[in-house]
Amino acid sequence: MPSSPNVQAKPAVSRPKKKPASKRRSSPWLTLFFYTVFCLLVFGMGFSYWFFLTKPGSDLRFMMADTLISTQHRHWAQYLIGNEELEKRVNRYWAQFDVYSGVKDNENLVKVDDKPHTVVKETKPAIEVEDIQGTNFKGKLLTVHDPKMLRIAVPGTAGKGEKVSSMVKRLGAKAGVNAGGFVDPEWKGNGFQPTGLVMSGGTIYYNDGSMNTPNHIVGIDKEGRMVAGKYTPKELLNMGVQEAVTFAPKFIVNGVGMIKNQADGWGIAPRTAMAQKADGTIMFVIIDGRQPAHSIGATLFDIQKIFLDHGAVTAANLDGGSSSVLVVDDKIVNKPSSEYGERYLPTAWLVFEEPEKVQIKNIWQGLDPSKIDPSKW
């Protein structure tokens, strides 16, 4: 049937065609996000394999664990090596320290000048300080030519430790270095309670055990010879030891290094250690650490090499970490690692021109070590 002439046909409307779903553009940020996640996953899997299953990765992992073991946060090492391995490693270190201490010193190896220290002072400066550095560390080497110029100093006030710089100034010393360890709960201790034993001027100032309890000792006897190893207080008195604190390990004996490689160097950390040459000269190494732009820290193997290169015949470790500090002429000359500044400590090695005239009060006299609160300021 023909269409009506009055009806006009409507023009066709042109509509935009929809793009196939497969050809739609995705957000560039979404693409970047998924690409980043993918790269991180691949990197994480690769790093985990290297860190846990390869020898270089495992060496780094155990070095990191050893570094934590030497701090107050020892338990953190379990996240790197597991709790069982942590306990094994700690026990192995202490067993090693006992072995090192069992190696006997040749007492005739050190020849200390019998002349008064004032004569020695005329021919050589009392002390010398030089810069030292290695791959990951920077620090100072303090040389004391007469060992009889050294005394162990303690805080001037009961109930609280004292900064080494304060001890140096208060007692009129030429130089000071941190010495023995102390009870330090959560790194917030007041620095008043030492660990083990403290001797000054031939007298026992502090002893948290009996007279027959052995301690790892670093000290100097009445002849000026350095004493390091495991001894009871009774033995130390019989040996004529004058100055002593508790710390470990002894790691150079008769000119021979006990630590055989970096892996046994007890991690990387700020450190303080003490040594003696055959002529009686005492050396202290003070290493800065935990400061990536300046100095990360050193292992005991690093310290051992420095001492051996300088002619040490005996050496032992002292308290380190945030405690490591060297004060010369009332000035701190190293860069301590503590973010809170110089720490309050119970003991320090101080150098005096006339040590026999120095009066060091025993602030622990009459106190029961078991009743001291190391966290109360």
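Of the chain's 377 residues, 47% count as buried, where buried means under 20% relative accessible area, exposed over 50% and partly exposed in between, with a 1.4 Å probe and protein chains only. Before we dig in, a word on the source: this is a predicted model, local features need pLDDT of at least 70, side-chain atom pairs count only at pLDDT 80 or more, and totals for chains, interfaces and linings use all residues. Residues are numbered from 1 along each chain as its sequence is written, and side-chain values use heavy atoms, with hydrogens and water left out.

**Exercise 1. Get an overview of the chain.**

Start with the secondary structure: there are 8 helices and 17 strands. Helices (H or I, at least four residues) and strands (E, at least two) are DSSP runs, numbered from the N terminus. Next, look at contacts, meaning heavy atoms within 4.5 Å. Among those with a separation of 6 or more, 71% link residues 24 or more positions apart. Finish with the surface: the chain exposes about 20200 Å², and 56% of that comes from carbon and sulfur atoms. These areas come from the Shrake-Rupley method with a 1.4 Å probe, and for residues only the protein chains shown count as cover.

**Exercise 2. Work out where strand 17 sits: which strands pair with strand 17?**

Two strands pair if DSSP finds at least two bridges between them. Step one: strand 3 (residues 150-153) pairs with strand 17 in the antiparallel sense over 4 bridges, and L150 has V351 as its bridge partner. Step two: strand 4 (residues 175-178) also pairs with strand 17, antiparallel over 4 bridges, with A175 opposite V351.

Step three is to zoom out. The open sheet has 5 strands in the order 3-17-4-15-16, with antiparallel pairing. Strand 3 and strand 16 (331-332) each have a single partner strand, so one side of each is left without a neighbour in the sheet.

Step four: check the faces. In a regular strand the side chains alternate between the two faces of the sheet. In strand 17 (residues 348-351), A348 and L350 lie on one side and W349 and V351 on the other, and all of these are buried.

**Exercise 3. Find the nonpolar cores: which residues touch the most other members of the largest one?**

A nonpolar core is a set of buried Ala, Val, Leu, Ile, Met, Phe, Trp, Tyr and Cys residues joined through side-chain atoms within 4.5 Å. The largest has 48 residues, and M274, F284, W349, L350 and W364 touch the most other members. Now follow W364: leaving aside neighbours within four places in sequence, its contacts include V154, F192, Y205, P346 and I372. There's also a second, separate core of 33 residues, with I81, L86, L141 and M258 among them.

**Exercise 4. Compare two aromatic pairs.**

Rings of Phe, Tyr and Trp (its six-membered ring) pair if their centres lie within 6.5 Å; planes under 30 degrees apart count as stacked, over 60 as edge-to-face and the rest as tilted. The structure holds 13 aromatic pairs.

Take F47 and W50: they're tilted, at 5.8 Å centre to centre with 40° between the planes. They are 3 residues apart in helix 1 (residues 28-53), which puts them about one helical turn apart. F47 is partly exposed at 38% relative accessibility, and W50 is partly exposed at 33%.

Now take W94 and F97: this pair is edge-to-face, at 5.2 Å centre to centre with 80° between the planes. Helix 4 (residues 83-102) holds both, 3 residues and about one helical turn apart. W94 is partly exposed at 38%, whereas F97 is buried at 2%.

Last step: look around them. W94 and F97 belong to one aromatic cluster with Y93, Y100 and W266.

**Exercise 5. Is T232 buried or exposed?**

First, locate T232: it's in the loop between strand 8 (226-231) and helix 7 (233-239). Then read the accessibility: at 12%, T232 counts as buried. To see what lies around T232, skip residues up to four places away in sequence, and you'll find that T232 touches M211, N212, T213 and P214.
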